[in-house]
Amino acid sequence: MRELRAAHPDRILADMPSLDRRLFFATAVLLIGTAIPHAQQPADAPGGTVSGVVTCADTQRPAHFASVTLMRVPEDRPTPAVKPMTDKETAADPAAAMKLASARMGAMTMVQARTGLDGAYSIANIPLGDYYLSATQPGYVSSLAVARAAAPPGAKGKAMYPGLTVVHVQANHTAHGDLILGRGAAVMGTVAFDDGAPAGEVTITIENVDMAKTDDDPDVAGDDAAMMMPGGFSIVAVTDDRGHFRLAGIAPGDYVMHTTLQLNANFSIRAGVMDTSTLDMASPLEFYFPAAVHKKDAGKITLTAAEERGDLNITVNLNGMHSVSGRIASAVDHHGLNEAMVELTDAADKNFTRKAVVDATGAYTISYVPSGTYTLEVPGGADTEPSKKKPGGLVNFASTHTLKSYDGASQQVIVDATDVTGVNVELKESKATTQDLDRNDE
Amino acid sequence: MKQNDILKAVLSLPMALAGAGAVLAQNVQPPPAPRIQAPPQPATPQIGGTVTGHVYCGDTQRPARFADVELLQQGTNTTRGPNYQNAGRGRTALDGSFTITGVAAGDYYVSATMSGYISQVAVARMTQQPIARVPMTHIDAGRSADVVITMDRGAVVSGRVTYDDGSAVPGVSVRLRPLTTGTTTSMGNGGGFQFGGILGGLIAFGSDLGMGETDDRGIYRLTGIAPGKYSLVVTVQTETVGQGRASGRGGFRGPPPLLNVYAPGTMRKADAQIVEIRGGETDDGVDIRVALNGLHTVQGRVESKADGHMLNAGTVSLADATDSGTTRSTGIDPDGTFRMEYLPPGTYNVTVTGQDRPPDTGRNRGGGGGTTVRYQAVTQTITVADSDLTMDPVQATVAASATTSTANSPSQ
């Protein structure tokens, strides 16, 4: 595992649209490694072999060291008797969600291999059954992604991958599966601020318009291997120091593209204890091609097979934006609460939100808010003190003990030509005291 | 960044938090969940001091937007060389300003990282040298210190990586390796030069300095390079972790075999081209040719000297007899065989370290009992000429302290 580089936690935040999806990804990777043991039969049970050759359609050459994936056909694998969790449930109990995702993935048998220099591969000891066969190589479209894109919205089970090559694995037999990889479309461009300065090292994502709709259906997403394949749902890149990017291997279709700016990513570490309370407020800002903050204003990009586009520039304009600030306090004695999150949601675009957390005095500032009408929501608040529990783990996080809880409240905020200040909200005391926040509790 | 890298990135967060291998070994127990969209978070009381400041780009004199700022404290125990602890971080705003609160009183290096610019802390990490050219900032509890950082534009090295048939080598790692490094080669691993343990690794900015990946056309671009002498190496992964192979039952066999190819196209480290960077120049033509046709495969098997049974686990490493910097490694398959592909002609020292592992039933992964018997390392010298080579069976003897219970130790 030496290869794993430490990631910028904020980049992770930026790239993954929902917690559920992040959990899925993290679990999926753990299980790529463990999928084979999961699938393994007793040592004496006979397995089958799959072999074949992967060729690049454009060059007619073998695909050197391409990744080949075998995935058990859904109807051929046991259905996990667990219902997927909603995003809300996931947020409430991430550990349970992780276990659940693991259980669902465990039912999925997945085997990966690489082709050699000659494009050939051979995978032995595969548990018997029917498998989808697909391959990926940078710049080429995964056949899995193509099949997934052709599926009708909301498709489940076998209907998720129409037309995908299926191999039948029998005991002590070698099934043959050749694949031809088609060159994908590629788009290039620059991300720049409105004054022309390049936006370097920001993530850029292109996603299929139709597939993005099914992305949020947890029942599909929980079972969908296309999510973890390059090009399955979206393709992500990072701009270089000049703000340039290149996204390749894109299947034909309609796309929207956005860049994600992680505006805030602060934390401190004292005596080995990491205080992530300021990191939790990280609220990324997305800019859609060519220069929109709302997805509905995004320019649609239609790509044909193997098309190269070189002019898809995104402008990031933060100058017309303003801040919203105020204080969250107790309705009883008006003291500032030291724990509360404040969230602004655009009245005309529920997907556009900006967030902040209060400081020790109850004050908050939400940065980079475009003009518009918003609902400002405080889901709840609390008076807290640092937890007295001694953390003893390898990595420790600052935790808090809740003294008193407060009910949520919301109000309307209009942002126009200036910063909006004095948006103060007073919260009523709650009847029940919420749980302590222990960040070391797993 | 490819989706794959994001997978890795996502994985590395909980991995790093939980302490690497433990998570993989015990996949039933979930790693700490990403602490991201948690319910409303508390603000910590403002104990400690505050660091504020501005970061500027030296070449354009403009504010450095959304640059990362890192606080590092020098460790007190310097018996094994300098070591540094991360104490926090922040990010600059549109105007280049930043604020980091809740910092314990003390002396800190305040360093910035931004794409295309030289991060002195990243340079120290890369070269294993003490941090230089970063002034120390003193922070008092309850007070605010102001820091101005001006970043120098770094050099750029770019080029194209191709196979010998002219086709692109896509999606592979390309790295500049400094020719001169500090006293140790591994970071945070008990050596002489360290950056703050697991937390340090998790939040190590610029740890990817001089590293990049080829795009689908085989083109790479490395930026923010400090002056110095480097070799340029591309790493091709020829197998996948968790792969099933004709000879084995699959599963983890240790790290996947990696092929290192140095510019302009050699597997021998001693023959690597030297890339010298003097200032902020751009070198656009450092191409690498990955010539794998006509190379050879070495295979063999490992057995017990005492009774001739095949060992079912362990590692095989290979070093060029005339260039000890050129090494390869692979695992021993469960059937006792091993193979290394794509070796150029030459003389190699092959070291085999075998084990008897309890049978993997698929249920006892990560600690189902049984014992592992370790064998002494055996080194043989082989010469690869103009064909593939099958070595004589390697005969291993049980090591002195040979038996280890694997009840709780992570399997490879």
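Predicted model: local features only at pLDDT ≥ 70, side-chain atom pairs only at ≥ 80, totals over all residues.
Zooming out, chain B has a mean pLDDT of 76, with 71% of its residues at 70 or more. Confidence in this chain is lowest in helix α2 (residues 21–25), at a mean of 27. At the other end of the scale is strand β17 (residues 288–290) of chain B, where confidence is highest, at 96. As for the model's overall scores, ipTM comes out at 0.79 and pTM at 0.80.

## Strand β9 of chain B and its partners

Which strands does β9(B) pair with? One is β13 (residues 228–237) of chain B: β9, covering residues 173–178, runs antiparallel to it over 6 bridges. Within that pairing, P178(B) sits opposite Y230(B).

Another partner is β11 (residues 211–213) of chain B, again in the antiparallel sense, this time over 3 bridges. Here V174(B) is the residue to look for, standing opposite G212(B) in β11(B).

## Chain A at a glance

Chain A contains 7 helices and 28 strands. Of its 442 residues, 49% count as buried. Take the contacts in chain A between residues at least 6 apart in sequence: 76% of them join residues at least 24 apart.

## Nonpolar cores

How many residues does the largest nonpolar core have? The count is 145. The residues with the most contacts inside this core come from both chains: L70(A), L247(A) and I250(A) on one side, and M151(B), V157(B), L232(B) and V234(B) on the other. There is also a second, separate core of 22 residues, and A329(A), V342(A), V358(A) and V415(A) are among its members.

## A four-stranded sheet in chain A

Four strands of chain A make an open sheet, in the order β23-β22-β25-β27, with antiparallel pairing. Its edges are β23 (349–357) and β27 (400–415), each of which pairs on one side only. On average, neighbouring strands of the sheet are turned by 15 degrees against each other, ignoring direction.

Inside the sheet, β22 (residues 339–346) and β25 (residues 372–386) of chain A are paired in the antiparallel sense over 6 bridges.

## A closer look at D349(A)

D349(A) belongs to strand β23 of chain A. Is D349(A) buried, exposed or partly exposed? It counts as partly exposed because it has 14 C-beta neighbours inside 10 Å, and a residue needs 20 or more to be called buried.

Leaving out neighbours within four places in sequence, D349(A) is in contact with H294(A) and K296(A). G336(A) is another story: it is 13 residues from D349(A) along the chain, and the two C-alpha atoms are separated by 30 Å.

In chain A, the bond from F289(A) to P290(A) is cis, with omega near 0 degrees, and P290(A) lies in the loop between β17 (285–288) and β18 (301–303). In chain B, a cis bond joins A263(B) and P264(B), with omega about 0 degrees. P264(B) is in the loop between β14 (258–262) and β15 (275–277) of chain B.

Q60(A) lies in the loop between β1 (48–56) and β2 (67–72) of chain A, whereas N125(A) is part of strand β4 (residues 120–126). Why does Q60(A) count as exposed? Because it has 8 other C-beta atoms within 10 Å, and 12 or fewer makes a residue exposed. N125(A), with 24 other C-beta atoms within 10 Å, is buried.

Technical notes: Residues numbered from 1 in each chain as written. Chains lettered and ligands numbered in written order. Pairing = 2+ DSSP bridges. Helix = DSSP H or I, 4+ residues; strand = E, 2+ residues; numbered from the N terminus. Core = buried A, V, L, I, M, F, W, Y, C linked by C-beta atoms within 7 Å. Axes fitted to C-alpha atoms, helices over the stretch in contact; angles between N-to-C directions. Contact = placed C-beta atoms within 7 Å. pLDDT = per-residue confidence, 0-100.
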